[in-house]
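This report describes the fold, the helix packing, the nonpolar core and the aromatic pairs of the protein shown below.

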Amino acid sequence: MLKLQDITFAIDGKPLLVEASAVIPAGHKVGIVGRNGTGKTTLFQLIRNEWSIDSGTIDYPAHYRVGGVEQELSLIHISEPTRQEAIS
């Protein structure tokens with residue numbers, strides 16, 4: 001279970017999350033949608049411990065893996081033989 005309890009986080013003094021709480025039961029998959037700039041990526045970074053919350057707690061078992069998809073992907077060059085192999 002992932003548990004967010006009363007988390008608060010601000011960027012440059014601007015509150016982004018204020019005493020936010022949520023519980024995601026074990027085995028559930030969750031998607032977060034919203035307008036640009038509302039804190040979706042920041043919340044994910046807080047859960048992954050890439051940034052530190054100002055207050056509150058984020059708890060999940062040590063064996064949990066938190067996965068995600070990058071917002072922007074780098075373009076790479078794939079040779080034609082490799083590309084053809086991949087699509088066949």
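## Basis of the description

Two residues are in contact when heavy atoms lie within 4.5 Å. The model is predicted: local features need pLDDT of at least 70, side-chain atom pairs count only at pLDDT 80 or more, and totals for chains, interfaces and linings use all residues. Residues are numbered from 1 along each chain as its sequence is written, and side-chain values use heavy atoms, with hydrogens and water left out.

## Overall architecture

The protein contains 2 helices and 3 strands, arranged along the sequence as β-β-α-β-α. Helices (H or I, at least four residues) and strands (E, at least two) are DSSP runs, numbered from the N terminus. Of the 88 residues, 15% are buried; buried denotes under 20% relative accessible area, exposed over 50%, and partly exposed the range in between, with a 1.4 Å probe and protein chains only.

Among contacts with a separation of 6 or more, 49% join residues 24 or more positions apart. The accessible surface comes to about 7,400 Å², and carbon and sulfur atoms account for 53% of this surface. Such areas come from the Shrake-Rupley method with a 1.4 Å probe; for residues, only the protein chains shown count as cover.

The hairpin has 2 residues between the strands, and Asp-12 takes a positive phi near 50°.

## Helix α1 and its packing

Helix α1 spans residues 40–47 and includes Thr-42. The buried residues of α1 are Thr-42, Leu-43, Gln-45, Leu-46 and Ile-47, and the buried residues of this helix pack against β1 (2–11), β2 (14–24) and β3 (55–59). After the helix comes Asn-49, which has a positive phi near 60°.

Thr-42 has a relative accessible area of 11% and is therefore buried. Leaving out residues up to four places away in sequence, Thr-42 touches Phe-9, Ile-11, Leu-16 and Trp-51. Leu-46, with neighbours within four places set aside, is in contact with Phe-9, Leu-17, Trp-51, Ser-52, Ile-53 and Ile-58.

## Nonpolar core

A nonpolar core is a set of buried Ala, Val, Leu, Ile, Met, Phe, Trp, Tyr and Cys residues joined through side-chain atoms within 4.5 Å. The largest such core has 9 residues: Leu-2, Leu-4, Ile-7, Phe-9, Leu-17, Leu-43, Leu-46, Ile-47 and Ile-58. Both β1 and α1 give two or more residues to this core, and the largest share, 4 residues, comes from β1.

## Aromatic pairs

The whole structure holds 2 aromatic pairs. Rings of Phe, Tyr and Trp (its six-membered ring) pair if their centres lie within 6.5 Å; planes under 30 degrees apart count as stacked, over 60 as edge-to-face and the rest as tilted. The ring centres of Phe-9 and Trp-51 are 5.5 Å apart and the planes lie at 40°, so this pair is tilted. Because Phe-9 belongs to strand β1 and Trp-51 to the loop between α1 and β3, the pair ties together parts that are 42 residues apart in sequence. Phe-9 is buried at 6% relative accessible area, whereas Trp-51 is partly exposed at 36%.

Tyr-60 and Tyr-64 form a stacked pair, 6.4 Å centre to centre with 25° between the planes. Tyr-60 is partly exposed, with a relative accessible area of 28%, and Tyr-64 is partly exposed at 27%.

Technical notes
Pairing = 2+ DSSP bridges.
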